[in-house]
Amino acid sequence: MNIFISYAKEDKEKVATLEEIVRHGGQRSWQFVYDLHGGRDWRGQIQFEIDRCEILLFVITEYSLQSEWCLKELQHAALSQKPILTVAFTPDIEIPYPINTIQYVLFDDTPVAGAKLTRALADPKPMSRDKIPSHWERLGGGPIGFPTSSQTQIPIPRIKREHTDMEKEDFLYEALRKIRDYFGRALSESESTDTRIQTRIRDESNTRFHCQLFLNGEIQQSCTIWISNNVGLHGIAYFEAHGRMHHFNMNSYNELAQVASLNGNLALEFTLGLRMFNQQDECRICTADKTAECLWRHFIRVFEDSPY
């Protein structure tokens, strides 16, 4: 997940600790001081990074509230309906309207501060459209500042479209097909690049397939991937076995990717197990294609420390 950290340069040292927590949680962050590429138009790059980020983390201090560019970044993110999370280092900071309508986290020196931030990053929300002042503008120019008490906003209704059960089911079948195709190509490519490797893929039904990977005829790794609703969560389940421990297990308590939403499109979110996606691939919510790649990388990790 890409996180844009908006802060004033005077707060650079405080933000370093904040960013460490963000990156430790498997997120990717962008901040002006460290990530700006030389030779580029920095104004354009800031806009590009906000447009591609998934969360804007706005650091609230007396400096950022007076910073023209911090406020420009906030306005651009709000008008782009990016999820926004605000962070303050002290509880006594006076937060002006409409920033005070955004989800807020106190990142103080207590041991639980990092845990609070991590939980808040899991589900931030965009600024409500009816709270966005009419004079706010996207990056590229326009007035800066917060509305006075005399200014009023006209609320605009927002209707969020929910995906139907039929759409979710169709997506699951298509996702399983993509994962199966990816494994089929990857297994064939593995055989063609090394004669010591043999593979086998077996379709057990239209909702379940099984893969085996051999080295010189000896079984090294096997897995089953299928559409599961064993625990009341419809999704793609993954179960693997090592060496000669063959299995045809339908236990989705190990690993499960549930149907979720990513930028308004159906995606897969790893809700049970699959710790490797946070640690290695940073793939907690991703497309079916990315899910297939992540599963394959995990499946062949048995060879990472192999002497062969």
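Predicted model: local features only at pLDDT ≥ 70, side-chain atom pairs only at ≥ 80, totals over all residues.
Strand β3 covers residues 55–60, and six of its six residues are buried, so the strand is largely enclosed by the rest of the structure. Buried here means under 20% relative accessible area. In a regular strand the side chains alternate between the two faces of the sheet. In β3, I55, L57 and V59 point one way, while L56, F58 and I60 point the other way. Residues on both sides are buried.

β3 pairs with two strands, β1 and β4. The table lists both pairings.

| Pair | Residues of the partner | Bridges | Sense |
|---|---|---|---|
| β1 and β3 | β1: residues 2–6 | four | parallel |
| β3 and β4 | β4: residues 83–88 | five | parallel |

On the β4 side, L56 has I84 as its bridge partner. Between β3 and β4 the chain passes through helix α4 (residues 68–79), and this β-α-β crossover is right-handed.

**Helices α6 and α8**

Two packed helices are described by the angle between their axes and the distance between the axes. Helix α6 (residues 165–193) packs against helix α8 (residues 288–299) at an angle of about 40°, and their axes are 9 Å apart. That angle makes α6 oblique to α8. The crossing of α6 past α8 is right-handed. On α6, the residues making the contact include A175, I179, Y182, F183 and L187. On α8, they include A288, A292, L295, W296 and F299.

Terms used: Residues numbered from 1 in each chain as written. Heavy atoms only, no water. Buried < 20%, exposed > 50% of the residue type's maximum accessible area, 1.4 Å probe, protein only. Pairing = 2+ DSSP bridges. Right-handed = clockwise from strand over helix to strand, strands pointing away. Axes fitted to C-alpha atoms, helices over the stretch in contact; angles between N-to-C directions. Parallel < 35°, antiparallel > 145°, perpendicular 65-115°, else oblique. Left-handed = near helix turned anticlockwise from the far one by under 90°. Contact = heavy atoms within 4.5 Å.
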